[in-house]
Amino acid sequence: MNADVEEVKSRINIVELVGEYIRLTKAGSNWRALCPFHNEKSPSFMVSEERRSWHCFGCGKGGDAFSFVMDMEGIGFREVLEQLAQKAGVPLKRFKKGDGEQESLKPKLFNILELATKWYEKNLWEGKERDKILQYLRERGLTDGTIRKFRLGWAPDGWRNILEFLQKRDYKINEIAKSGLLVEKEANNNSQVQNSGHYDRFRGRIMFPIQDVVGWVIGFSARVAPGGDEKNAKYINTPQSELYDKSKTLYGLHLAKAEIKKKDEVVLVEGNMDVIASHQAGFPNTVAVSGTALTHDQIKIIKRYTENIKMAFDMDSAGQVAAKKSARVCLENDLNVRIVLLSSGKDAADVIRENKEIWE
Ligand SMILES: [Zn+2]
């Protein structure tokens, strides 16, 4: 295992890795940032590429690539090793489980959600409903490149599609259930599902994978099929899980973070479609709140990249209430916030589809 760790460490560029989470600026031969682990106004957090280490002169924390990701994501050494090994392309052959450390479910859940994402993608591009769904997405203005970039997919109708797909790959029902992909039967009396305790949560829906800051899929937001009943549950989402916490998630951040740092500004919108449309229109520094109003945890994440927020929420009463609440949280956290007013009744995706110069 030590050989694996050394191998992974030697292949990971610590500046790039830390730079995925916080905004670094060059300072001599090192890199400097506002410390993500304590509150400060002037940067005392340093990263050394040469020594492959980081240190904060403010709070005294420091370490290597592993300890940084452990502290940042609040996960254990084993999970970080698996994440970084995958990133570095190091197969963990010598890595055996059960040397005293408690085995964690998280890496398994990441694998389950990655497999599910690929399966939904395959169903979108190669499945029976391909033409209908692609036509809908293209009519909403999305290019094929954008659809692939955000990894949109299609969950066909049926009670046990993803369940059986994952069981065939040796995942147990309780593991699949913990990923949020299944619903427990109890509350449902449908005779078709009486023989199993669980069934697919997402059926006949367009799938939007929700990814964490490094791009791992942690959950899904799923839109009702075109022509379906939009009044009831137009979107349903993965419930709170070991991986997915909506109050700590910003949709699109893994694709937006570099541009947010570069422009020193983030554009905050309400929905997934708004993010996708804005990225496609040439504004990749756009992310969405995954609930109604911005939370303190989301602000903490944004502050790693920028202190400047432009908020373009939906121009309906719910959107404007959320904007007001969010603006207050921003001001409490010393962020510079501006509210962008769109035409009445519109959301960002509508505005961009009609005329992207107005959005610009
Ligand atoms: Zn610090």
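The site of the zinc ion in this predicted model is tetrahedral, with angles of 100 to 122 degrees among its four donor atoms, where four donors count as tetrahedral if all angles lie between 85 and 135 degrees. The protein donors are Cys35 (SG), His38 (ND1), Cys56 (SG) and Cys59 (SG), at 2.1 to 2.3 Å from the zinc ion; donors are N, O and S atoms within 2.8 Å of the metal (3.2 Å for Na, K and Ca), and water is not among the atoms, so sites may look incomplete. In sequence, the donor residues follow the spacing C-x2-H-x17-C-x2-C. Cys35, in the loop between β2 (30-33) and β3 (45-48), and Cys56, in strand β4 (residues 53-56), are 21 residues apart and link distant parts of the chain; helices (H or I, at least four residues) and strands (E, at least two) are DSSP runs, numbered from the N terminus. Both Cys35 and Cys56 are buried, that is, under 20% relative accessible area with a 1.4 Å probe, protein chains only.

Nine of the twelve residues of α4 are buried, so this helix is largely enclosed by the rest of the structure. The buried residues of α4 pack against α1 (2-11), α2 (14-19), α3 (65-73) and α5, contact meaning heavy atoms within 4.5 Å. Helix α4 is followed by Gly89, whose phi is positive, near 70 degrees.

Residues are numbered from 1 along each chain as its sequence is written, and side-chain values use heavy atoms, with hydrogens and water left out. Local features need pLDDT of at least 70 and side-chain atom pairs count only at pLDDT 80 or more, whereas totals for chains, interfaces and linings use all residues.

Key: Buried means under 20% relative accessible area, exposed over 50%, partly exposed in between (1.4 Å probe, protein chains only). Four donors count as tetrahedral if all angles lie between 85 and 135 degrees; four count as square planar and six as octahedral if opposite donors are over 155 degrees apart and all others between 65 and 115; anything else is irregular.
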